[in-house]
Amino acid sequence: MSFSRASRAALLTALVAAGALTLSACGDGGKSGGGGDTNFVAGSGGIATVAKGERQAPHQLKGETLEGEQLDIADLKGKVVVMNVWGSWCPPCRSEAPYFAKVAKETKADGVEFVGINTRDTDKGPAIAFEKNYGVEYPSLYDPIGKLIVNGFPKGSLNPQAIPSTIVLDREGKIAARALRALDDEELRKMIDPLIAEK
């Protein structure tokens, strides 16, 4: 049985994504990365930030949400966007979910949008139940094989390297901050508040 070129490409993408996520799944994070010449600074608490003039835009981050709607992160330009990479199977994701739900509600009026990137849930059912159980009302892109995670962030940028990971985009749609571990509400606000205040 021979695979078509498209089938081989899809299989290769899936294997690369699975390998990347296997190395870092449900980790505490720790080291920065992305390769190349980076311009970001890891602060206390494992939150890395990039100075305004040095930020990069992510690649295309769009697709179907868990609810079956289409969502394109580029359409949220003008808002601070908090992207949280999570899976229903991940204990640290469960511990941080109530904080994300709370802060999403608190910051909505300040022009902040939350978007999840659900990964490694091969069925949407457990992920939808997770959102319901933890009161998560914002949408999550469904990324079961990690394609968005692997292809959505430029080399040398702050990119997700663990599950959970949180990436925050500034109002220009550029990558401004990242955490590679579970966060509580105070840590989350430390990432978001400076970007809300930026002019």
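Q: How much of the accessible surface of the protein belongs to carbon and sulfur atoms?
A: The model is a predicted one. Its accessible surface comes to about 10000 Å², and carbon and sulfur atoms hold 54% of that.

Q: What makes up the protein in terms of helices and strands, and in which pattern along the sequence?
A: There are five helices and nine strands.

Q: Why is the pair of tryptophan 86 and phenylalanine 130 called stacked?
A: The ring centres are 4.5 Å apart, and a pair requires centres within 6.5 Å. The planes of the two rings stand at 20°, and under 30 degrees counts as stacked. The pair of tryptophan 86 and phenylalanine 130 is therefore stacked.

Q: Which parts of the chain does this pair link?
A: Tryptophan 86 is in strand 5 and phenylalanine 130 in helix 3, 44 residues apart.

Q: Why does tryptophan 86 count as buried?
A: Its relative accessibility is 5%, and buried means under 20%, so tryptophan 86 counts as buried. Phenylalanine 130 also has a value of 5% and counts as buried.

Q: Why is the pair of phenylalanine 100 and phenylalanine 114 called edge-to-face?
A: The centres of these rings are 6.1 Å apart, with the planes at 85°. The distance limit for a pair is 6.5 Å, and planes over 60 degrees apart count as edge-to-face. The pair of phenylalanine 100 and phenylalanine 114 is therefore edge-to-face.

Q: What does the pair of phenylalanine 100 and phenylalanine 114 tie together?
A: Phenylalanine 100 lies in helix 2 and phenylalanine 114 in strand 6, so the pair ties together parts 14 residues apart in sequence. Phenylalanine 100 and phenylalanine 114 are both buried.

Q: What lines the largest cavity?
A: Its lining consists of Asn84, Trp86, Cys93, Glu96, Ala97, Phe130, Val136, Tyr138 and Ser140. Helix 2 gives the largest share, three residues. By class, the lining divides into six nonpolar, two polar and one charged.

Q: How many cavities of 30 Å³ or more does a search of the whole structure find?
A: The search finds one. The largest cavity has a volume of about 60 Å³.

Q: What is the volume of the second largest pocket, and which residues are closest to its centre?
A: The volume is about 190 Å³. Of the 16 lining residues, Ala57, Pro58, Ile73, Ala74 and Gly173 are the closest to the centre.

Note on methods:
Residues are numbered from 1 along each chain as its sequence is written. This is a predicted model: local features need pLDDT of at least 70, side-chain atom pairs count only at pLDDT 80 or more; totals for chains, interfaces and linings use all residues. Side-chain values use heavy atoms; hydrogens and water are left out. Helices (H or I, at least four residues) and strands (E, at least two) are DSSP runs, numbered from the N terminus. Accessible areas come from the Shrake-Rupley method with a 1.4 Å probe; for residues, only the protein chains shown count as cover. On a 1 Å grid over the protein atoms alone, a cavity is a set of points where a 1.4 Å probe fits but cannot get out, and a pocket is an open set with protein on both sides within 12 Å along at least five of seven lines; lining residues have an atom within 4 Å of a point. Grid points are joined across faces, edges and corners, and a volume is the space filled by probe spheres set on the points. Ala, Val, Leu, Ile, Met, Phe, Trp, Tyr, Cys and Pro count as nonpolar, Asp, Glu, Lys and Arg as charged, and the others, Gly among them, as polar. Rings of Phe, Tyr and Trp (its six-membered ring) pair if their centres lie within 6.5 Å; planes under 30 degrees apart count as stacked, over 60 as edge-to-face and the rest as tilted. Buried means under 20% relative accessible area, exposed over 50%, partly exposed in between (1.4 Å probe, protein chains only).
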